[in-house]
Amino acid sequence: MSAPAVQNSAAPRRPARRIDVALAALVFGAMVLWFAPVGMGRYGTYVLSLWLVMSIGVMGLNLTLGYAGQSSLAQAAFMGLGAYAAAILTTRYGVSWYAAFALSGLLTFAVGLLLGFPALRVRTHYLAFVTLAFSTLIWLLIRNEQWLTGGVYGISNINRPDFFGIKLFGALEFHRFVVVVTLILSLKLWWLVRSPWGRAFTALRENPVRAASLGIDTRTYTLLAFAIGSAYGGFAGSLYAPLVEFIDPSPFSLSQSLFLLLMVVAGGSGYLFGPFVGALLGVVLPEWLRFAGSLYLIIFATIVLALLVICPQGVCGLIERGWHALRRKTGGAR
Amino acid sequence: MAEFIAYLIAGIATGAIYALAAIGFTLVWQTSQTINFAQGEFVMLPAVLILLAVKLFGLPLWAGGLLGIAVFLLIFGAGFKLVVVDPMIKHGVLPLAIATMALSIIMKEGAKDGFSAEAQNFPSLVPTEMINLLGASISLQHLAIILVAFAAIGLLQWFVGGTRLGRQMQATAQNPTVARILGIPVERMVLLTFLLNAALAVVASLLISPIYLAKFSNGETIGLFAFIAAIVGGFNQVRGALVGGILIGVADSLAAAYISTQYRLAVPLVLLVAIILVKPEGLMGRKEERRV
């Protein structure tokens with residue numbers, strides 16, 4: 001008689017506790033990263049910051065792909081838009097970085113809406129085609145419109161922002177700034193995903209027909225997920241520009257967009273921590289694979305391909321699967 | 001006018017090559033719902049493999065050619081289906097499409113590291129002379145490309161529509177379940193489609209490489225244009241892929257000549273977006289019923 005009662009009381013508590021774990025992990029991770037680069041040197045710190053910036057871009061794409069089930073082949077182009085917007089506004093017009101950051105997000109959000117609206121009107125996987133075209137067009141614009149973007153020479157001497165009067169010129173100071181921004185953005189996403197909105201996104205991915213029949217306006221939600229995901233690309237770009245202090249067209253090409261998509265899948269699409277793992281594989285792995293030279297791209301792509309064949313849920317899915325197997329084992333032993 | 005004809009012929013020639021790639025693309029899509037993002041690399045690689053075989057084993061060109069083509073058909077016709085598509089197809093269209101993106105990176109970087117990062121000359125099978133036609137000087141090579149490509153497409157049409165094997169393949173593409181009931185070896189037919197796709201890629205590679213040279217990064221543009229050609233023409237139509245390919249080739253050639261060389265790439269892209277907005281099923285395509 002007491003057994004069902006225990007089960008009943010345990011069941012509703014579990015989801016609440018799991019959410020706290022995600023939240024705690026985010027905050028704890030940020031704290032670790034705050035202190036992590038001590039003694040790592042300038043370059044190590046830079047790589048860590050780059051990882052976080054890429055994670056933001058991948059996070060946005062994860063929302064589009066992992067939660068709304070749409071593939072965007074233009075995330076690098078959105079990062080490019082954000083990066084160039086931030087660079088041009090801050091270097092040429094003396095706009096403060098914070099305003100430029102917000103404007104980049106708004107710009108990419110608006111472009112996402114404009115792009116997604118006609119594409120999603122048709123059929124779902126047309127978004128992939130439209131973003132493919134868009135990504136190439138943006139790249140052409142960046143490369144050819146020299147008066148605005150500096151063409152292949154790019155824009156240099158991009159200043160790093162202040163934080164209430166504290167200069168963030170040093171690698172460590174700017175890294176900490178990136179940590180804070182990443183934490184805020186990922187908390188925002190964590191909140192979004194577990195809000196009714198996020199539930200609607202997930203419903204879309206799991207079964208669009210059923211979601212529609214439950215009264216969810218699927219097109220609007222898909223469009224919003226894509227636009228918000230694109231805005232994260234813009235945010236990532238406007239952090240990327242002051243981090244590297246120099247931008248040129250090459251990191252915003254179509255192949256980079258595909259690379260970002262592979263990062264989402266490698267980390268585990270639809271998992272909150274997937275983007276961090278994916279970006280780790282995409283950004284930090286090449287540093288470890290220095291000895292392999294340019295082969296690292298092949299190694300990365302092979303890992304992704306193998307993951308897709310073995311476990312399409314990516315590294316996070318693999319961990320989850322292993323965790324469940326472990327729990328079942330210990331449960332059986334007891 | 002003479003100039004215009006020359007650009008038109010050049011456009012049709014490159015368009016015919018895009019059409020070859022686009023047809024392979026639609027064939028694979030029809031039989032196994034594979035959106036192959038590595039299609040451009042499929043066209044890039046045969047030429048690289050042939051040159052590699054010649055370089056590594058010191059073979060004469062014809063033998064290197066045969067070896068390269070055989071290896072390509074084996075790995076990227078049969079192997080692609082068995083190793084990548086078969087285990088992935090049950091996870092759905094999207095993961096498989098992403099897997100082909102990973103494959104394209106592997107192929108591109110593999111060609112760069114295993115062969116050369118520089119563009120290499122690829123021998124042309126026809127003399128690179130210009131002939132005079134109606135006052136326009138036209139490259140013999142372009143005419144040969146048009147001839148070969150159309151012959152290949154004609155042959156394919158005859159095979160699909162006029163032979164028993166081809167009809168079985170078509171039946172598999174249209175309705176695998178019924179095809180299986182009718183006793184058609186569906187698995188073998190799907191494999192045949194992948195081999196055909198690889199063979200079309202080989203033809204396209206042999207035709208385009210003498211002009212654009214053999215380079216690891218060639219696949220990016222070819223793949224993009226083949227992709228656009230397939231969508232513009234109609235995703236589920238061989239005829240559509242042909243029309244789309246020619247259209248894209250001509251649009252690209254004329255845009256480069258009369259609009260801007262910097263933005264020549266933009267014209268097919270704009271065409272793509274326009275088609276998606278106005279006639280999403282493609283110029284020659286039928287409307288697909290929504291699957292619930």
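**A walk through the helices of chains A and B**

Hello everyone, let's start with one residue: A:Leu141 is partly exposed, with 18 other C-beta atoms within 10 Å. On this scale a residue is buried if 20 or more other C-beta atoms lie within 10 Å of its own, exposed if 12 or fewer, and partly exposed in between, with C-beta atoms placed from the backbone.

A word on what you are looking at. This is a predicted model, in which local features need pLDDT of at least 70, side-chain atom pairs count only at pLDDT 80 or more, and totals for chains, interfaces and linings use all residues. Residues are numbered from 1 along each chain as its sequence is written, while chains are lettered from A and ligands numbered from 1 in the order in which they are written.

Back to our residue. A:Leu141 sits in helix H5 of chain A, residues 126–144. (Helices, H or I with at least four residues, and strands, E with at least two, are DSSP runs numbered from the N terminus.) The C-alpha atom of A:Leu141 is 9.3 Å from that of A:Pro249, although 108 residues separate the two along the chain.

Which residues does A:Pro242 contact, leaving aside its neighbours within four places in sequence? They are A:Trp97, A:Ile158, A:Asn159, A:Arg160 and A:Pro161. Contact here means that two C-beta atoms, placed from the backbone, lie within 7 Å. A:Pro242 belongs to helix H10 of chain A, residues 218–244, and it counts as buried because it has 25 C-beta neighbours inside 10 Å. From A:Pro242 to A:Ser49 is 193 residues in sequence, yet 11 Å in space, C-alpha to C-alpha.

Now to the place where the chains meet. On chain A, 29 residues are in contact with 28 residues of chain B. Helices H4 (97–122), H5, H11 and H13 (296–310) of chain A each supply at least two residues to that side. By class, the chain A side has 23 nonpolar, five polar and one charged residues. (Ala, Val, Leu, Ile, Met, Phe, Trp, Tyr, Cys and Pro count as nonpolar, Asp, Glu, Lys and Arg as charged, and the others, Gly among them, as polar.)

H5(A) and helix H11 of chain B, residues 266–278, have axes that come within 10 Å and cross at roughly 150°. That makes H5(A) roughly antiparallel to H11(B). (Axes are lines fitted to C-alpha atoms, for helices over the stretch in contact, and angles run from 0 to 180 degrees between N-to-C directions; under 35 degrees is roughly parallel, over 145 roughly antiparallel, 65 to 115 roughly perpendicular, and the rest oblique.) Among the residues that meet are A:Phe129, A:Val130 and A:Leu137 in H5(A), and B:Leu269 and B:Val273 in H11(B). This contact has 11 nonpolar, one polar and no charged residues.

The second pair is H11(A), residues 254–267, with H4(B), residues 93–114, whose axes come within 10 Å and cross at roughly 125°. H11(A) and H4(B) are therefore oblique to each other. A:Leu258, A:Leu261, A:Leu262 and A:Val265 of H11(A) make the contact with B:Ile98, B:Met101 and B:Ala102 of H4(B). By class, that gives seven nonpolar, no polar and no charged residues.

Keep an eye on A:Leu262. Leaving aside neighbours within four places in sequence, A:Leu262 also contacts A:Ala301 and A:Val304. In the largest nonpolar core, which has 204 residues, A:Leu262, B:Ala19 and B:Ile23 touch the most other members. (Such a core is a set of buried Ala, Val, Leu, Ile, Met, Phe, Trp, Tyr and Cys residues joined through C-beta atoms within 7 Å.) Helix H1 of chain B, residues 2–32, gives the most to this core, with 16 residues.

Within chain B, helix H2, residues 39–57, packs on H4(B) at about 30°, with the axes 10 Å apart. H2(B) is thus roughly parallel to H4(B). B:Glu41, B:Met44, B:Leu45 and B:Val48 in H2(B) meet B:Ser104, B:Met107, B:Lys108 and B:Ala111 in H4(B). The classes here are five nonpolar, one polar and two charged residues.

Finally, two loop residues. B:Gln33, in the loop between H1 and H2 of chain B, has a positive phi of about 50° although it is not a glycine. B:Leu213, in the loop between helices H8 (186–212) and H9 (218–233) of chain B, has a positive phi near 65°. Most residues other than glycine have a negative phi.
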